[in-house]
Amino acid sequence: SEQGCLSVVVLGASGDLAKKKTFPALFHLFAQGFLQSGEVHIFGYARSNLSDDGLRERIRGYLKGASEEHLSEFLQLIKYVSGSYDSREGFEKLNKEISEYEMSNKSESSRRLFYLALPPSVYPSVCKMIRTYCMNPSGWTRVIVEKPFGKDLHSAEELSAQLGDLFDENQLYRIDHYLGKELVQNLLVLRFANRLFLPLWNRDNIDNIQIVFREDFGTDGRGGYFDQYGIIRDIIQNHLLQVFCLVAMEKPVSLKPEHIRDEKVKVLQSVNPIKHDEVVLGQYEGYKDDPTVPDDSNTPTFASVVLRVHNERWEGVPFILKAGKALSSRKAEVRVQFKDVPGDIFRCKRQGRNEFVIRLQPSEAMYMKLTVKKPGLEMATEQSELDLSYGMRYQNVKIPEAYERLILDTIRGDQQHFVRRDELKAAWQIFTPLLHDIDAGRLKAVPYHPGSRGPKEADELSERVGYMQTHGYIWIPPT
Ligand code: BG6
(Lines give C-alpha, C1' and ligand atoms only; values in the text may rest on other atoms or scores of the structure.)
Protein backbone atom coordinates (compact mmCIF):
# COMPACT_ATOMS: atom_id res chain seq x y z
CA SER A 1 0.00 0.00 0.00
CA GLU A 2 1.00 3.65 -0.36
CA GLN A 3 1.57 3.93 3.35
CA GLY A 4 3.98 1.03 3.49
CA CYS A 5 4.12 -2.29 5.21
CA LEU A 6 2.21 -2.91 8.40
CA SER A 7 3.41 -4.64 11.55
CA VAL A 8 0.73 -5.61 14.02
CA VAL A 9 2.12 -6.51 17.42
CA VAL A 10 -0.18 -8.37 19.78
CA LEU A 11 1.18 -8.05 23.30
CA GLY A 12 -0.25 -10.68 25.59
CA ALA A 13 -0.42 -13.01 22.59
CA SER A 14 -0.92 -16.15 24.63
CA GLY A 15 -3.77 -14.73 26.71
CA ASP A 16 -7.54 -15.02 26.51
CA LEU A 17 -8.41 -11.73 24.82
CA ALA A 18 -5.82 -12.28 22.09
CA LYS A 19 -7.04 -15.80 21.42
CA LYS A 20 -10.75 -15.03 21.47
CA LYS A 21 -10.90 -11.55 19.97
CA THR A 22 -7.70 -10.07 18.59
CA PHE A 23 -6.40 -12.88 16.39
CA PRO A 24 -9.85 -13.83 15.06
CA ALA A 25 -10.50 -10.17 14.16
CA LEU A 26 -7.15 -9.95 12.35
CA PHE A 27 -7.93 -13.19 10.59
CA HIS A 28 -11.31 -11.93 9.36
CA LEU A 29 -9.73 -8.73 8.10
CA PHE A 30 -7.16 -10.83 6.30
CA ALA A 31 -9.77 -13.16 4.79
CA GLN A 32 -11.70 -10.15 3.48
CA GLY A 33 -8.61 -8.66 1.88
CA PHE A 34 -8.08 -5.75 4.27
CA LEU A 35 -4.73 -7.15 5.33
CA GLN A 36 -2.64 -8.66 2.58
CA SER A 37 0.28 -11.01 2.75
CA GLY A 38 3.36 -9.21 1.55
CA GLU A 39 2.10 -6.07 3.27
CA VAL A 40 1.49 -7.21 6.78
CA HIS A 41 3.26 -9.13 9.46
CA ILE A 42 1.88 -10.08 12.83
CA PHE A 43 4.07 -10.39 15.89
CA GLY A 44 2.83 -12.11 19.02
CA TYR A 45 4.65 -11.08 22.17
CA ALA A 46 4.26 -12.69 25.59
CA ARG A 47 6.21 -14.17 28.43
CA SER A 48 5.62 -17.84 27.70
CA ASN A 49 8.32 -19.77 25.99
CA LEU A 50 6.72 -20.64 22.65
CA SER A 51 7.81 -21.23 19.09
CA ASP A 52 6.12 -19.57 16.12
CA ASP A 53 4.31 -22.83 15.50
CA GLY A 54 3.43 -23.10 19.16
CA LEU A 55 1.53 -19.81 18.99
CA ARG A 56 -0.07 -20.77 15.67
CA GLU A 57 -1.35 -24.00 17.18
CA ARG A 58 -2.71 -22.19 20.18
CA ILE A 59 -4.89 -19.83 18.18
CA ARG A 60 -5.77 -22.01 15.18
CA GLY A 61 -8.93 -23.38 16.81
CA TYR A 62 -10.34 -19.87 17.25
CA LEU A 63 -9.97 -18.85 13.62
CA LYS A 64 -13.15 -19.73 11.84
CA GLY A 65 -15.26 -18.77 8.87
CA ALA A 66 -12.76 -18.91 6.01
CA SER A 67 -11.05 -21.55 3.90
CA GLU A 68 -8.23 -23.80 5.07
CA GLU A 69 -6.02 -22.13 2.49
CA HIS A 70 -6.67 -18.67 3.92
CA LEU A 71 -6.03 -20.04 7.35
CA SER A 72 -2.59 -21.45 6.64
CA GLU A 73 -1.64 -18.35 4.67
CA PHE A 74 -2.67 -16.20 7.63
CA LEU A 75 -0.84 -18.35 10.18
CA GLN A 76 2.35 -17.99 8.17
CA LEU A 77 2.24 -14.22 8.77
CA ILE A 78 2.56 -14.73 12.50
CA LYS A 79 5.83 -14.74 14.37
CA TYR A 80 6.32 -15.14 18.07
CA VAL A 81 8.70 -13.18 20.28
CA SER A 82 8.98 -14.00 23.96
CA GLY A 83 9.95 -11.58 26.66
CA SER A 84 8.67 -10.00 29.81
CA TYR A 85 6.68 -6.79 29.93
CA ASP A 86 9.40 -4.71 31.48
CA SER A 87 12.53 -6.14 29.93
CA ARG A 88 14.78 -4.16 27.71
CA GLU A 89 16.09 -7.31 25.96
CA GLY A 90 12.59 -8.46 25.10
CA PHE A 91 11.59 -5.20 23.48
CA GLU A 92 14.92 -4.78 21.72
CA LYS A 93 14.44 -8.22 20.25
CA LEU A 94 10.91 -7.30 19.21
CA ASN A 95 12.13 -4.12 17.58
CA LYS A 96 14.84 -6.04 15.75
CA GLU A 97 12.29 -8.49 14.34
CA ILE A 98 9.98 -5.68 13.22
CA SER A 99 12.84 -3.73 11.64
CA GLU A 100 14.07 -6.78 9.77
CA TYR A 101 10.64 -7.32 8.36
CA GLU A 102 10.39 -3.67 7.35
CA MET A 103 13.78 -3.78 5.62
CA SER A 104 12.90 -6.95 3.77
CA ASN A 105 9.70 -5.33 2.58
CA LYS A 106 11.56 -2.45 0.94
CA SER A 107 8.71 0.03 1.13
CA GLU A 108 9.70 3.59 1.95
CA SER A 109 7.63 3.98 5.03
CA SER A 110 6.02 1.60 7.44
CA ARG A 111 3.25 1.36 10.02
CA ARG A 112 3.39 -0.12 13.51
CA LEU A 113 0.32 -1.05 15.47
CA PHE A 114 0.69 -2.29 19.05
CA TYR A 115 -2.31 -4.06 20.52
CA LEU A 116 -2.16 -4.39 24.30
CA ALA A 117 -4.16 -7.53 25.07
CA LEU A 118 -2.90 -7.25 28.64
CA PRO A 119 -4.07 -6.36 32.13
CA PRO A 120 -3.90 -2.61 32.70
CA SER A 121 -1.43 -2.99 35.53
CA VAL A 122 1.31 -3.48 32.95
CA TYR A 123 0.20 -0.70 30.53
CA PRO A 124 2.59 1.92 31.89
CA SER A 125 5.65 -0.31 31.73
CA VAL A 126 4.77 -1.80 28.33
CA CYS A 127 4.07 1.63 26.87
CA LYS A 128 7.35 2.88 28.22
CA MET A 129 9.17 -0.03 26.56
CA ILE A 130 7.44 0.61 23.25
CA ARG A 131 8.23 4.30 23.47
CA THR A 132 11.88 3.62 24.29
CA TYR A 133 12.70 0.69 22.02
CA CYS A 134 10.06 0.14 19.38
CA MET A 135 9.01 3.45 17.86
CA ASN A 136 8.66 3.50 14.12
CA PRO A 137 11.43 5.61 12.56
CA SER A 138 9.58 6.06 9.26
CA GLY A 139 5.83 6.23 9.67
CA TRP A 140 3.18 6.01 12.34
CA THR A 141 3.09 4.12 15.65
CA ARG A 142 -0.30 3.51 17.22
CA VAL A 143 -1.28 1.77 20.44
CA ILE A 144 -4.58 0.07 21.22
CA VAL A 145 -5.55 -0.28 24.88
CA GLU A 146 -8.69 -1.64 26.44
CA LYS A 147 -10.59 -1.12 29.67
CA PRO A 148 -10.44 -1.19 32.62
CA PHE A 149 -8.85 2.27 32.45
CA GLY A 150 -8.48 2.69 36.17
CA LYS A 151 -10.96 2.02 38.97
CA ASP A 152 -12.17 5.54 39.65
CA LEU A 153 -11.54 9.12 38.58
CA HIS A 154 -8.25 9.41 40.41
CA SER A 155 -6.65 6.17 39.20
CA ALA A 156 -7.93 6.72 35.65
CA GLU A 157 -6.43 10.19 35.54
CA GLU A 158 -3.17 8.81 36.82
CA LEU A 159 -3.09 6.19 34.07
CA SER A 160 -4.05 8.78 31.45
CA ALA A 161 -1.22 11.02 32.60
CA GLN A 162 1.30 8.18 32.44
CA LEU A 163 0.28 7.18 28.92
CA GLY A 164 -0.08 10.82 27.90
CA ASP A 165 3.57 11.42 28.77
CA LEU A 166 4.58 8.70 26.34
CA PHE A 167 2.14 9.08 23.45
CA ASP A 168 0.07 11.80 21.83
CA GLU A 169 -3.68 11.46 22.01
CA ASN A 170 -3.77 10.66 18.28
CA GLN A 171 -1.53 7.65 18.85
CA LEU A 172 -3.71 6.16 21.58
CA TYR A 173 -6.77 4.12 20.68
CA ARG A 174 -8.90 3.33 23.76
CA ILE A 175 -11.25 0.53 22.79
CA ASP A 176 -14.80 0.29 23.99
CA HIS A 177 -15.94 -2.59 21.84
CA TYR A 178 -19.59 -1.49 22.03
CA LEU A 179 -18.62 1.34 19.69
CA GLY A 180 -17.79 -1.27 17.07
CA LYS A 181 -21.24 -2.83 17.11
CA GLU A 182 -23.40 -2.34 14.03
CA LEU A 183 -26.46 -0.98 15.79
CA VAL A 184 -24.47 1.25 18.07
CA GLN A 185 -22.87 2.83 15.00
CA ASN A 186 -26.32 3.13 13.50
CA LEU A 187 -27.54 5.38 16.32
CA LEU A 188 -25.95 8.47 14.85
CA VAL A 189 -27.49 7.84 11.44
CA LEU A 190 -30.86 7.02 12.88
CA ARG A 191 -31.04 10.16 14.95
CA PHE A 192 -29.61 12.71 12.58
CA ALA A 193 -30.51 11.43 9.11
CA ASN A 194 -34.23 10.89 9.74
CA ARG A 195 -36.60 13.81 9.78
CA LEU A 196 -39.10 11.64 11.60
CA PHE A 197 -37.08 11.55 14.79
CA LEU A 198 -35.78 15.10 14.93
CA PRO A 199 -38.87 16.76 16.46
CA LEU A 200 -39.68 13.79 18.70
CA TRP A 201 -36.32 13.22 20.37
CA ASN A 202 -36.79 15.32 23.49
CA ARG A 203 -38.57 15.80 26.81
CA ASP A 204 -41.79 16.96 25.12
CA ASN A 205 -42.37 13.54 23.59
CA ILE A 206 -40.20 11.00 25.35
CA ASP A 207 -41.15 9.80 28.81
CA ASN A 208 -38.13 7.68 29.68
CA ILE A 209 -35.25 5.78 28.07
CA GLN A 210 -33.86 2.44 29.17
CA ILE A 211 -30.47 1.14 28.14
CA VAL A 212 -30.30 -2.48 29.16
CA PHE A 213 -27.63 -5.18 29.13
CA ARG A 214 -28.41 -8.73 30.24
CA GLU A 215 -26.28 -11.82 30.25
CA ASP A 216 -27.52 -15.33 30.91
CA PHE A 217 -24.25 -16.48 32.46
CA GLY A 218 -22.40 -15.49 35.60
CA THR A 219 -18.80 -14.54 36.18
CA ASP A 220 -17.68 -18.12 35.49
CA GLY A 221 -13.95 -18.33 35.85
CA ARG A 222 -13.49 -14.55 36.04
CA GLY A 223 -14.68 -14.06 39.60
CA GLY A 224 -11.28 -12.88 40.78
CA TYR A 225 -11.13 -10.11 38.18
CA PHE A 226 -14.79 -9.27 38.40
CA ASP A 227 -14.88 -8.92 42.16
CA GLN A 228 -12.35 -6.08 41.97
CA TYR A 229 -14.59 -4.19 39.55
CA GLY A 230 -18.27 -5.09 39.65
CA ILE A 231 -20.94 -4.58 37.02
CA ILE A 232 -20.84 -0.78 37.03
CA ARG A 233 -17.16 -0.65 36.08
CA ASP A 234 -17.43 -3.71 33.85
CA ILE A 235 -20.43 -2.66 31.74
CA ILE A 236 -22.27 0.51 32.77
CA GLN A 237 -19.52 3.12 33.11
CA ASN A 238 -18.20 2.23 29.65
CA HIS A 239 -20.41 0.22 27.29
CA LEU A 240 -23.82 1.52 28.39
CA LEU A 241 -22.57 5.04 28.93
CA GLN A 242 -21.23 5.14 25.36
CA VAL A 243 -24.63 4.08 24.10
CA PHE A 244 -26.19 6.71 26.35
CA CYS A 245 -23.96 9.39 24.79
CA LEU A 246 -25.08 8.51 21.28
CA VAL A 247 -28.73 8.49 22.30
CA ALA A 248 -28.61 11.71 24.29
CA MET A 249 -25.99 13.97 22.72
CA GLU A 250 -26.72 16.98 20.53
CA LYS A 251 -26.05 16.93 16.81
CA PRO A 252 -22.33 17.21 16.10
CA VAL A 253 -21.05 20.00 13.88
CA SER A 254 -19.88 17.38 11.37
CA LEU A 255 -18.91 13.73 11.27
CA LYS A 256 -15.30 14.51 12.18
CA PRO A 257 -14.27 12.34 15.13
CA GLU A 258 -13.42 15.41 17.19
CA HIS A 259 -16.82 16.96 16.61
CA ILE A 260 -18.62 13.79 17.60
CA ARG A 261 -16.50 13.32 20.69
CA ASP A 262 -16.98 16.96 21.68
CA GLU A 263 -20.74 16.34 21.86
CA LYS A 264 -20.29 13.18 23.89
CA VAL A 265 -18.20 15.00 26.44
CA LYS A 266 -20.81 17.76 26.71
CA VAL A 267 -23.69 15.42 27.43
CA LEU A 268 -21.61 13.52 29.98
CA GLN A 269 -20.83 16.79 31.69
CA SER A 270 -24.56 17.57 31.84
CA VAL A 271 -25.39 14.50 33.93
CA ASN A 272 -26.51 15.31 37.49
CA PRO A 273 -25.00 13.53 40.50
CA ILE A 274 -26.58 10.09 40.92
CA LYS A 275 -29.01 9.79 43.84
CA HIS A 276 -28.89 6.74 46.10
CA ASP A 277 -32.64 6.25 45.89
CA GLU A 278 -32.33 5.94 42.12
CA VAL A 279 -29.92 3.01 42.29
CA VAL A 280 -30.62 -0.69 42.81
CA LEU A 281 -27.72 -3.11 43.23
CA GLY A 282 -27.96 -6.88 43.11
CA GLN A 283 -25.72 -9.89 43.52
CA TYR A 284 -26.81 -13.29 42.25
CA GLU A 285 -27.03 -16.16 44.68
CA GLY A 286 -24.03 -18.43 44.24
CA TYR A 287 -21.67 -15.66 43.11
CA LYS A 288 -19.64 -16.04 46.28
CA ASP A 289 -19.24 -19.81 45.77
CA ASP A 290 -16.37 -18.93 43.45
CA PRO A 291 -13.25 -19.60 45.57
CA THR A 292 -11.59 -16.43 44.24
CA VAL A 293 -14.46 -14.26 45.54
CA PRO A 294 -14.31 -13.25 49.23
CA ASP A 295 -17.18 -14.54 51.41
CA ASP A 296 -18.27 -11.06 52.41
CA SER A 297 -18.16 -9.54 48.92
CA ASN A 298 -20.65 -6.70 48.32
CA THR A 299 -19.68 -6.47 44.63
CA PRO A 300 -22.76 -5.95 42.47
CA THR A 301 -23.34 -8.32 39.54
CA PHE A 302 -26.47 -6.34 38.73
CA ALA A 303 -27.16 -2.61 38.83
CA SER A 304 -29.86 -0.27 37.72
CA VAL A 305 -28.91 3.41 37.82
CA VAL A 306 -31.01 6.40 36.80
CA LEU A 307 -29.14 9.19 35.04
CA ARG A 308 -30.67 12.65 34.84
CA VAL A 309 -29.45 15.05 32.18
CA HIS A 310 -29.58 18.69 33.08
CA ASN A 311 -30.19 20.40 29.76
CA GLU A 312 -32.95 21.83 27.60
CA ARG A 313 -33.59 18.62 25.70
CA TRP A 314 -33.73 16.14 28.55
CA GLU A 315 -34.66 17.84 31.83
CA GLY A 316 -37.03 15.47 33.63
CA VAL A 317 -36.45 12.41 31.40
CA PRO A 318 -34.92 9.49 33.32
CA PHE A 319 -32.29 7.39 31.55
CA ILE A 320 -32.35 4.00 33.21
CA LEU A 321 -29.05 2.17 32.71
CA LYS A 322 -29.40 -1.44 33.73
CA ALA A 323 -26.94 -4.33 33.51
CA GLY A 324 -26.80 -7.75 35.02
CA LYS A 325 -25.09 -11.12 34.91
CA ALA A 326 -26.73 -14.52 35.44
CA LEU A 327 -30.14 -13.33 34.27
CA SER A 328 -32.84 -15.10 32.27
CA SER A 329 -31.63 -14.04 28.83
CA ARG A 330 -28.78 -12.46 26.88
CA LYS A 331 -29.78 -9.17 25.33
CA ALA A 332 -28.68 -5.57 24.92
CA GLU A 333 -31.19 -2.93 23.89
CA VAL A 334 -32.26 0.68 24.00
CA ARG A 335 -35.94 1.29 24.75
CA VAL A 336 -37.26 4.75 24.07
CA GLN A 337 -40.68 5.09 25.61
CA PHE A 338 -42.90 7.92 24.43
CA LYS A 339 -45.42 9.82 26.49
CA ASP A 340 -49.11 9.03 26.61
CA VAL A 341 -51.40 10.40 23.91
CA PRO A 342 -53.15 13.51 25.19
CA GLY A 343 -56.94 13.45 24.93
CA ASP A 344 -56.80 9.71 24.29
CA ILE A 345 -60.11 8.26 23.02
CA PHE A 346 -58.81 4.70 22.50
CA ARG A 347 -57.48 3.95 25.96
CA CYS A 348 -54.03 3.60 24.43
CA LYS A 349 -52.57 3.84 27.87
CA ARG A 350 -54.05 0.53 28.89
CA GLN A 351 -52.52 -1.18 25.88
CA GLY A 352 -49.15 0.39 26.21
CA ARG A 353 -47.30 3.40 24.97
CA ASN A 354 -45.39 3.86 21.76
CA GLU A 355 -41.98 2.44 22.28
CA PHE A 356 -39.02 2.47 19.94
CA VAL A 357 -36.67 -0.43 20.60
CA ILE A 358 -33.16 -0.73 19.20
CA ARG A 359 -31.87 -4.22 19.86
CA LEU A 360 -28.09 -4.19 19.74
CA GLN A 361 -27.79 -7.96 20.18
CA PRO A 362 -28.51 -10.74 19.60
CA SER A 363 -30.53 -10.59 16.35
CA GLU A 364 -30.03 -6.91 15.57
CA ALA A 365 -33.33 -5.12 15.07
CA MET A 366 -35.25 -1.91 15.43
CA TYR A 367 -38.93 -1.94 16.06
CA MET A 368 -41.59 0.54 16.96
CA LYS A 369 -44.53 -0.45 19.08
CA LEU A 370 -47.67 1.12 17.72
CA THR A 371 -51.35 0.93 18.45
CA VAL A 372 -53.22 -0.29 15.36
CA LYS A 373 -56.67 -1.42 14.48
CA LYS A 374 -56.91 -5.12 15.08
CA PRO A 375 -57.61 -6.54 11.63
CA GLY A 376 -61.18 -7.78 11.38
CA LEU A 377 -64.75 -6.66 11.36
CA GLU A 378 -64.69 -5.17 14.79
CA MET A 379 -63.32 -1.75 15.59
CA ALA A 380 -60.82 -2.99 18.11
CA THR A 381 -57.26 -1.83 18.73
CA GLU A 382 -54.13 -3.65 19.75
CA GLN A 383 -50.39 -3.17 20.04
CA SER A 384 -48.29 -4.21 17.08
CA GLU A 385 -44.81 -3.56 15.71
CA LEU A 386 -43.27 -1.80 12.79
CA ASP A 387 -40.36 -4.16 12.55
CA LEU A 388 -36.93 -3.82 10.95
CA SER A 389 -35.17 -7.04 11.82
CA TYR A 390 -31.75 -7.21 10.23
CA GLY A 391 -31.98 -10.96 9.78
CA MET A 392 -34.95 -10.41 7.45
CA ARG A 393 -34.03 -7.15 5.77
CA TYR A 394 -30.31 -7.82 5.30
CA GLN A 395 -30.37 -11.56 4.88
CA ASN A 396 -27.14 -11.86 2.96
CA VAL A 397 -25.12 -9.32 4.84
CA LYS A 398 -22.58 -10.55 7.35
CA ILE A 399 -22.43 -8.12 10.23
CA PRO A 400 -18.78 -7.62 11.19
CA GLU A 401 -17.45 -8.28 14.67
CA ALA A 402 -16.80 -5.17 16.73
CA TYR A 403 -13.06 -5.86 17.05
CA GLU A 404 -12.68 -6.27 13.31
CA ARG A 405 -14.05 -2.83 12.67
CA LEU A 406 -12.08 -1.19 15.44
CA ILE A 407 -8.76 -2.63 14.33
CA LEU A 408 -9.46 -1.49 10.78
CA ASP A 409 -10.34 1.98 12.08
CA THR A 410 -7.02 2.09 13.92
CA ILE A 411 -5.11 1.15 10.78
CA ARG A 412 -6.98 3.90 8.93
CA GLY A 413 -6.37 6.41 11.70
CA ASP A 414 -10.05 7.06 12.42
CA GLN A 415 -10.63 7.76 16.11
CA GLN A 416 -14.38 8.30 15.95
CA HIS A 417 -15.16 5.00 17.65
CA PHE A 418 -12.55 5.32 20.38
CA VAL A 419 -12.78 6.99 23.74
CA ARG A 420 -10.98 10.31 24.08
CA ARG A 421 -9.14 11.18 27.27
CA ASP A 422 -11.57 13.91 28.37
CA GLU A 423 -14.50 11.62 27.62
CA LEU A 424 -13.05 8.96 29.87
CA LYS A 425 -12.59 11.51 32.61
CA ALA A 426 -16.18 12.74 32.30
CA ALA A 427 -17.43 9.15 32.45
CA TRP A 428 -15.51 8.49 35.66
CA GLN A 429 -16.76 11.74 37.14
CA ILE A 430 -20.34 10.50 36.88
CA PHE A 431 -19.79 7.16 38.61
CA THR A 432 -16.93 7.71 41.04
CA PRO A 433 -18.98 9.00 44.03
CA LEU A 434 -21.41 6.08 43.68
CA LEU A 435 -18.59 3.55 43.31
CA HIS A 436 -16.86 4.87 46.43
CA ASP A 437 -20.12 4.54 48.35
CA ILE A 438 -20.52 0.95 47.20
CA ASP A 439 -16.89 0.10 47.98
CA ALA A 440 -17.34 1.54 51.47
CA GLY A 441 -20.48 -0.56 51.99
CA ARG A 442 -22.81 2.44 52.17
CA LEU A 443 -24.97 0.82 49.47
CA LYS A 444 -25.74 -2.87 49.61
CA ALA A 445 -26.38 -5.36 46.85
CA VAL A 446 -29.60 -7.35 47.30
CA PRO A 447 -29.59 -11.05 46.38
CA TYR A 448 -31.38 -12.35 43.27
CA HIS A 449 -31.90 -15.78 41.77
CA PRO A 450 -29.61 -16.75 38.91
CA GLY A 451 -31.74 -17.10 35.79
CA SER A 452 -34.27 -14.50 36.97
CA ARG A 453 -34.99 -10.93 35.79
CA GLY A 454 -32.82 -9.58 38.61
CA PRO A 455 -34.01 -7.98 41.85
CA LYS A 456 -37.67 -6.94 41.83
CA GLU A 457 -36.54 -3.61 43.30
CA ALA A 458 -35.11 -2.76 39.88
CA ASP A 459 -38.47 -3.19 38.15
CA GLU A 460 -40.04 -1.13 40.92
CA LEU A 461 -37.47 1.61 40.39
CA SER A 462 -38.13 1.70 36.62
CA GLU A 463 -41.86 2.01 37.22
CA ARG A 464 -41.41 4.61 39.89
CA VAL A 465 -39.47 6.88 37.55
CA GLY A 466 -41.99 6.45 34.75
CA TYR A 467 -41.44 3.27 32.75
CA MET A 468 -44.68 1.53 31.86
CA GLN A 469 -44.84 -2.14 30.92
CA THR A 470 -46.69 -2.71 27.66
CA HIS A 471 -49.42 -5.27 28.04
CA GLY A 472 -50.34 -6.03 24.44
CA TYR A 473 -53.91 -5.57 25.64
CA ILE A 474 -56.69 -5.49 23.05
CA TRP A 475 -59.33 -2.84 23.48
CA ILE A 476 -62.83 -3.34 22.13
CA PRO A 477 -64.97 -0.28 22.71
CA PRO A 478 -68.45 -0.71 24.11
CA THR A 479 -71.10 -0.66 21.39
C1 BG6 B 1 -16.86 -7.07 28.42
C2 BG6 B 1 -17.11 -7.38 29.86
O3 BG6 B 1 -16.33 -5.80 28.29
O4 BG6 B 1 -18.08 -7.16 27.71
C5 BG6 B 1 -17.73 -8.75 30.02
O6 BG6 B 1 -15.88 -7.32 30.58
C7 BG6 B 1 -18.95 -8.89 29.14
O8 BG6 B 1 -18.08 -8.98 31.37
C9 BG6 B 1 -18.67 -8.44 27.71
O10 BG6 B 1 -19.33 -10.26 29.15
C11 BG6 B 1 -19.94 -8.38 26.89
O12 BG6 B 1 -19.65 -8.11 25.55
P13 BG6 B 1 -20.67 -8.53 24.42
O14 BG6 B 1 -20.07 -7.99 23.17
O15 BG6 B 1 -20.78 -10.01 24.45
O16 BG6 B 1 -21.97 -7.87 24.78
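The model is predicted, so to speak of its limits first: local features need pLDDT of at least 70, side-chain atom pairs count only at pLDDT 80 or more, and totals for chains, interfaces and linings use all residues. Residues are numbered from 1 along each chain as its sequence is written, and side-chain values use heavy atoms, with hydrogens and water left out.

I begin with the core. A nonpolar core here is a set of buried Ala, Val, Leu, Ile, Met, Phe, Trp, Tyr and Cys residues joined through side-chain atoms within 4.5 Å. Buried means under 20% relative accessible area, exposed over 50%, and partly exposed in between, with a 1.4 Å probe and protein chains only. The largest such core holds 147 residues, and Phe 23, Leu 116, Phe 244, Leu 307, Phe 319 and Phe 431 have the most contacts inside it. Helix 8, residues 223–248, gives the most to this core, with 13 residues. Helices (H or I, at least four residues) and strands (E, at least two) are DSSP runs, numbered from the N terminus.

Leu 116 shows the packing in detail. Contact means heavy atoms within 4.5 Å. Apart from neighbours within four places in sequence, Leu 116 is in contact with Leu 11, Tyr 123, Val 126, Cys 127, Ile 130, Val 143, Ile 144 and Val 145.

I turn to the aromatic rings. Rings of Phe, Tyr and Trp (its six-membered ring) pair if their centres lie within 6.5 Å; planes under 30 degrees apart count as stacked, over 60 as edge-to-face and the rest as tilted. The count by this rule is 17 aromatic pairs. In one of them, the ring centres of Phe 244 and Phe 319 are 5.1 Å apart and the planes are at 85 degrees, so the pair is edge-to-face. Because Phe 244 lies in helix 8 and Phe 319 in strand 10 (residues 318–324), this pair ties together parts that are 75 residues apart in sequence. Both Phe 244 and Phe 319 are buried.

What surrounds the ligand? Around it are 13 residues, of which Lys 147, Tyr 178, Lys 181, Glu 215 and Asp 234 come nearest; a residue is near if one of its heavy atoms lies within 4 Å. A polar side-chain atom of Lys 147 lies 2.5 Å from a ligand oxygen atom. For Glu 215, a side-chain N or O atom is 2.5 Å from an oxygen atom of the ligand, and for Arg 222 the corresponding value is 2.8 Å. The protein covers 83% of the 390 Å² of accessible area that the ligand has on its own; such areas come from the Shrake-Rupley method with a 1.4 Å probe, and for residues only the protein chains shown count as cover.

Next, Asp 207, in strand 7 (residues 206–214). Asp 207 counts as buried because its relative accessibility is 17%. Beyond four places in sequence, Asp 207 touches Val 317, Pro 318, Gln 337, Phe 338, Lys 339, Arg 353 and Gly 466.

Finally, helix 12, residues 402–412, where Arg 405 is found. Since 10 of its 11 residues are buried, helix 12 is largely enclosed by the rest of the structure. Arg 405 is buried, with a relative accessible area of 17%, and among its contacts outside four places in sequence are Gly 180, Lys 181 and Glu 182. Just after helix 12, Gly 413 takes a positive phi of about 80 degrees.

Technical notes: A polar contact is a pair of N or O atoms within 3.5 Å; within protein, one must be able to donate a hydrogen and the other to accept it, and residues adjacent in sequence count only if both atoms are side-chain atoms.
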